[in-house]
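Today I'm looking up pockets and charged pairs.

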Amino acid sequence: MKKSFPLLFLFLVFASGFSQNKFGNPEIDPVQIQKNFTDWSNYQSKKIMLSRDFTAFDFDSKEISKEVFLDQLAKGNFIPIRLKSEGSEYAYKLFKILPKTDTSIKATINQISFDAHKNYKMEGTAFPVFSFKDLDGNLVTNESMKGKIIVIKCWYIHCTPCIREFPQVNKLVEEYKNRKDILFISFAEDSPEQLKTFLARKPLSYSVIPDMKDYMNESLQLNSFPTHFILNKEGLIAKVLPNFESLEVALAKESKL
């Protein structure tokens, strides 16, 4: 028994460190990427999706929860960098923002992380009660959607990023058209008249509910658009997402549960 203890101890040490060992070095140079705002912005928009599921490491390479990671990113002086991985898993690590780094980088990171942290805290909670009619006069309520996966897009006519992703979200609706347990609805700030005129030129395959500005501001407390919600079949918020790329990944996962 005494002879087996060292082997067992080594195995436990190895197993405990496996989560970090399966991820490699940063995929880019954390110093070089801070040298100008454009480079950082391009990298962040394509590689850093804080709404997705990922393994988080702090500045000292210690694994931490996603909530702690987002909180430190929102309040601290860090940038997130993705670590290399042999598989499809995502891992982000915190790196210090250098003294001479453009202050716009820190401000952007803090804001994005603040929104991501707020959105993350909503996951697992009940979606606020609502009862509204869409542009076709159909009544849409929490109760009427129970037992289905609900995809909600929050937007308004003059939101350029919201409109830019129309072709992508329309394609997503087409992809899931045979899934009767998945519904796509959208909340828009604008009036029925404005929306009907606009959508005649820019079609959206979602069911559209007008005059939702107050609900989105007060009940959902949104401060950035577009924002996407995925509700599970129990009516709970599964994910809150800032763009189509994050939505596509999260819906693929939720649809398989």
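**Pockets and charges**

I started with the lining of the largest pocket, whose residues divide into 12 nonpolar, 11 polar and 6 charged. My classes: Ala, Val, Leu, Ile, Met, Phe, Trp, Tyr, Cys and Pro are nonpolar, Asp, Glu, Lys and Arg are charged, and the others, Gly among them, are polar. Ground rules next: this is a predicted model, where local features need pLDDT of at least 70 and side-chain atom pairs count only at pLDDT 80 or more, while totals for chains, interfaces and linings use all residues. Residues are numbered from 1 along each chain as its sequence is written, and side-chain values use heavy atoms, with hydrogens and water left out.

**Largest pocket**

I got a volume of about 730 Å³ for the largest pocket. Of its 29 lining residues, Q44, I112, P226, P242 and N243 are the closest to the centre. A pocket here is an open set of points on a 1 Å grid over the protein atoms alone, where a 1.4 Å probe fits, with protein on both sides within 12 Å along at least five of seven lines; lining residues have an atom within 4 Å of a point. The volume is the space filled by probe spheres set on the points, which are joined across faces, edges and corners.

Which helix gives the largest share of this lining? Helix 4 does, with 6 residues. Helix 2, helix 4 (103-122), helix 5 and helix 9 each supply at least two. Helices are DSSP runs of H or I with at least four residues, strands are runs of E with at least two, and both are numbered from the N terminus.

**Second largest pocket**

The second largest pocket holds about 250 Å³. I listed 14 lining residues, with R52, D53, Y90, V249 and K253 nearest the centre. Helix 9 gives the most, 4 residues, and strand 12 (237-241) also supplies at least two. By class I noted 5 nonpolar, 4 polar and 5 charged residues.

K253 sits in helix 9 (residues 244-254) and D53 in the loop between helix 2 (37-47) and strand 2 (55-57), so the pair ties together parts 200 residues apart in sequence. My cut-off is a side-chain nitrogen of Lys or Arg within 4 Å of a carboxyl oxygen of Asp or Glu. By that rule I count 10 salt bridges. D53 and K253 also belong to a salt-bridge network with E123 and K239.

D53 is partly exposed at 41% relative accessibility. Buried means under 20% relative accessible area, exposed over 50%, and partly exposed in between (1.4 Å probe, protein chains only).

Then K153 and E165: their side chains meet at 2.6 Å, N to O. K153 is in strand 8 (residues 149-155) and E165 in the loop between helix 5 (160-164) and helix 6 (166-175), 12 residues apart. Are they buried or exposed? Both are buried.

K75 and D71 pair at 3.0 Å, both in helix 3 (residues 66-75) and 4 residues apart, about one turn. K75 is exposed at 68%, while D71 is partly exposed at 25%.

Last, I checked D115 in helix 4. D115 is buried yet has no salt bridge, and the nearest side chain of opposite charge, K118, is 5.5 Å away. For charge I take Lys and Arg as positive and Asp and Glu as negative, with His and the chain ends not counted. D115 touches N223 and S224, leaving aside residues up to four places away in sequence; contact means heavy atoms within 4.5 Å.
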